[in-house]
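Dear colleague,

Here is the structure we spoke about. Please open it first, then read my notes below.

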Amino acid sequence: MFSQSLKPPVIETPVIETPVIETPVIETEYDDLMHHTINALHFARHGQTIEGEAPMSGFSRLLDGLPKDQGGSVIWRLQGRRDALGRLFLDVQADGTIVLECQRCLQALIWPLSVRNELRMLASRSEVEAMDAREAQGEADDEEYILASASLDAIDVVEDELILALPYVPRHEVCPDQVEPEPGTESRGPSPFAALGRFKKN
Ligand SMILES: [Zn+2]
């Protein structure tokens with residue numbers, strides 16, 4: 001019998017499966033900015049381009065031993081290219097501002113990093129070894145080369161170039177707590193560049 005009651009009718013609800021929302025693995029924005037994989041040979045053969053902007057703080061290898069408090073970013077671009085001889089290249093551009101530690105006063109030093117380089121893409125490990133051997137013999141051109149991986153991490157390439165662009169002894173031209181020397185009363189020691197000049201002459 002069916003009677004009305006104050007109790008809400010117990011409705012045999014069919015077990016409605018709550019739709020399982022396939023949560024896509026949402027990479028954080030950060031990860032997106034730091035991961036761009038390219039098929040290097042294909043990329044170069046077809047003259048492709050990839051570019052982006054990544055937070056300086058994401059370049060952990062670059063920042064090894066450097067101040068971790070980095071607010072800047074790196075604007076980067078990779079351009080694939082094939083030259084008239086059929087050789088494949090990756091043109092790397094990167095510009096950013098990094099915080100270094102001044103080696104004179106140990107305070108923060110804002111340093112612009114700018115990279116323009118071309119990397120020859122070699123298709124196989126044996127080609128790389130052959131090139132290494134030529135270089136060891138002093139026969140190779142002064143070109144830089146890397147193994148063209150099918151899953152080359154663009155950011156890794158950019159980071160390698162930025163690391164090479166770091167100054168050896170970063171110093172303020174005039175440290176913040178240093179009074180600018182009067183003209184003609186240069187009190188600083190010889191610059192490292194002067195030392196380099198001496199090397200070159202010998
Ligand atoms: Zn300084």
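**Strand pairing and what packs on it**

I50 stands opposite L78 in strand 3. A strand here is a DSSP run of E with at least two residues, and a helix is a run of H or I with at least four residues, both numbered from the N terminus. Two strands count as paired if DSSP finds at least two bridges between them.

Two notes on the source. This is a predicted model: local features need pLDDT of at least 70, side-chain atom pairs count only at pLDDT 80 or more, and totals for chains, interfaces and linings use all residues. Residues are numbered from 1 along each chain as its sequence is written.

The overall layout comes next. The chain has five helices and seven strands. From the N terminus, the order is α-β-α-β-β-β-β-α-β-β-α-α.

Five strands form an open sheet in the order 2-3-4-5-6, with mixed pairing. Strand 2 and strand 6 (144-147) are its edges, each pairing on one side only. From one strand to the next, the twist averages 30°. Angles run from 0 to 180 degrees between N-to-C directions, with axes as lines fitted to C-alpha atoms, for helices over the stretch in contact.

The pairings, one at a time:

- Strand 2 (residues 49-55) and strand 3 run antiparallel, joined by seven bridges.
- Strand 3 and strand 4 are antiparallel too, over nine bridges. The bridge partner of R81 is F89 in strand 4. Five residues lie between the strands of this hairpin, and G86 there takes a positive phi near 85°.
- Strand 4 and strand 5 pair in the antiparallel sense over 14 bridges. D95 stands opposite S114 in strand 5.

Two helices to look at on the sheet. Helix 3 (residues 125-136) touches strand 5 and strand 6, and its direction makes about 150° with that of strand 6. Helix 4 touches strand 2, strand 3, strand 4 and strand 5, at about 60° to the direction of strand 4. Contact means C-beta atoms, placed from the backbone, within 7 Å.

Is helix 3 buried or hardly covered? It is hardly covered: the count of buried residues among its 12 residues is zero. Buried means 20 or more other C-beta atoms within 10 Å of a residue's own; exposed means 12 or fewer, and partly exposed lies in between. The length of helix 3 agrees with expectation, because 12 residues at 1.5 Å a residue should span 16 Å and its end C-alpha atoms are 16 Å apart. The expected span is 1.5 Å times one less than the number of residues. Just after helix 3, G138 takes a positive phi of about 75°.

Buried residues make up 16% of the 202 residues. The largest nonpolar core has 28 residues, and A40, L90, M121 and V158 have the most contacts inside it. Helix 2 (40-45), strand 3 (73-82), strand 4 (88-101), strand 5 (108-122) and helix 4 (154-165) each give two or more residues to this core. Such a core is a set of buried Ala, Val, Leu, Ile, Met, Phe, Trp, Tyr and Cys residues joined through C-beta atoms within 7 Å. Leaving out residues up to four places away in sequence, L90 touches A40, A44, L78, G80, L119, M121 and V157.

L109 is in strand 5. L109 counts as buried because it has 21 C-beta neighbours inside 10 Å. Beyond four places in sequence, its contacts are L100, E101, C102, P170 and H172.

Best regards
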